[in-house]
Amino acid sequence: MKFSCSNYDFLTAINAASKATVSNSSFPILETLLIEAGKDIKITGSNNEITIEYVFEANVFSEGSIAVDSKMLSEIIRRMPEGMIDFEVKDNLNVNIKCGELDFNITGISGDEFPKIPEMSYDEEILTSAESLLSVIRKTSFAVAQSDINPILTGIKLEISQDNMKGIAVDGYRLAIKNTPIDVYSDISFTIQGRALNELSKIMTSADEKVSINLTDKNVLFSFGNCRFFSRLLEGEFINYNNVIPKEKLYRAKVEVKELIKSIDRASLLAEAGGIINPVKISYDYNSITITCDTVKGHLKEVINVNADGKETFTVGYNCKFMLDALKAIDDEYVIIELNGSITPTVLRPEEGDEYLYIVLPVKIR
């Protein structure tokens, strides 16, 4: 096996595929990248949950395959000067990598040992833009459950209906919903592990490119540019999130997003001091909201003027991180905050439309 290629193309492929590899695995082959030379060069990384393939053009002199330690290969290519790289597999799986006067020799593993990726016949294909998919991932992934007590909640549910893509994530303390229009008329839903979608978002370098989504009953394939990204679908029944959304509201206020972020962020200095998470209290009144935090480290009080309407006023305790995560996902200048009481969910939604909806549950305050 022998080929030559540019340092840039090689490193780009390595960086993408290596996001599917693992470190310190009980299966060392999962710490490697599979390099295959045929008509083009294909580099593959896999951890048995996700698999990433990246294909690029090169001057191929002889075909073959080899598996090479991902971290070692990445560091070698990263440290090489710009220019053309010569890659050759010699006897005894010895890998020779040259660039100019720089000459590396490392030991590889037979490509036959790398996990086989079965060819699958996909039942459904959806074409969308990277921009739409990235928006859904970035605006909901913060609300994915970190514990796998209920595995389905470690994922983001994608609902595609008519010409809309909706992403939903919930971890038991908050709910995130993001809608984005797409040029597809379909009706399907599936749930993908949040970690997998976060890795996908890291290798989608252009928001303008088109993404093909192919589905089976257990797997999904995202194809874009030079890359193919495989992931298993999460099995199980996703929470009926519509039952979580309050149907009524007793208080409604229009609040400047950046001002509220700054205020809660200041309160978090006390709330998170000393390694103990203390609640931040927000008192909702007719023409103002008051943010307070009382801890052994100190006291903060700040008043923000708002446009509000409602029949009652409330004081609610929050985990400041949960509230900040939701607010930081909002691009609008203003947000509508709705609630029905001090111990009921707080809803954040846009002034008009349904582009997003975030729900944060309260915490007990003394």
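1. The model is a predicted one, in which local features need pLDDT of at least 70, side-chain atom pairs count only at pLDDT 80 or more, and totals for chains, interfaces and linings use all residues. Residues are numbered from 1 along each chain as its sequence is written, and side-chain values use heavy atoms, with hydrogens and water left out.

2. A pocket here is an open set of points on a 1 Å grid over the protein atoms alone, where a 1.4 Å probe fits, with protein on both sides within 12 Å along at least five of seven lines; lining residues have an atom within 4 Å of a point. Points are joined across faces, edges and corners, and a volume is the space filled by probe spheres set on them.

3. The second largest pocket is lined by 14 residues, and Asn48, Thr51, Pro118, Asn219 and Arg232 lie nearest its centre. Strands β4 (50–56) and β16 each supply at least two lining residues, with the largest share, 3 residues, coming from β16. Helices (H or I, at least four residues) and strands (E, at least two) are DSSP runs, numbered from the N terminus.

4. By class, this second lining has 6 nonpolar, 5 polar and 3 charged residues. Ala, Val, Leu, Ile, Met, Phe, Trp, Tyr, Cys and Pro count as nonpolar, Asp, Glu, Lys and Arg as charged, and the others, Gly among them, as polar.

5. The largest pocket has a volume of about 290 Å³. Of its 14 lining residues, Asn47, Ile50, Gln193, Arg195 and Ala196 lie nearest the centre. α4 (194–203) and β16 (227–232) each give at least two residues to this lining, and α4 gives the largest share, 4 residues. The classes are 4 nonpolar, 4 polar and 6 charged.

6. Elsewhere, an open sheet of 4 strands runs in the order β20-β19-β18-β22 with antiparallel pairing (two strands pair if DSSP finds at least two bridges between them). β20 (298–305) and β22 (314–318) are the edge strands, each with a single partner, so one side of each has no neighbour in the sheet. Neighbouring strands are turned by 20 degrees against each other on average, direction ignored.

7. β19 (residues 288–295) pairs with β20 in the antiparallel sense over 8 bridges. Ile289 stands opposite Ile304 in β20.

8. Helix α5 (residues 257–271) lies across β18 (280–284), β19 and β20, at about 170 degrees to β20. Contact means heavy atoms within 4.5 Å; axes are lines fitted to C-alpha atoms, for helices over the stretch in contact, and angles run from 0 to 180 degrees between N-to-C directions.
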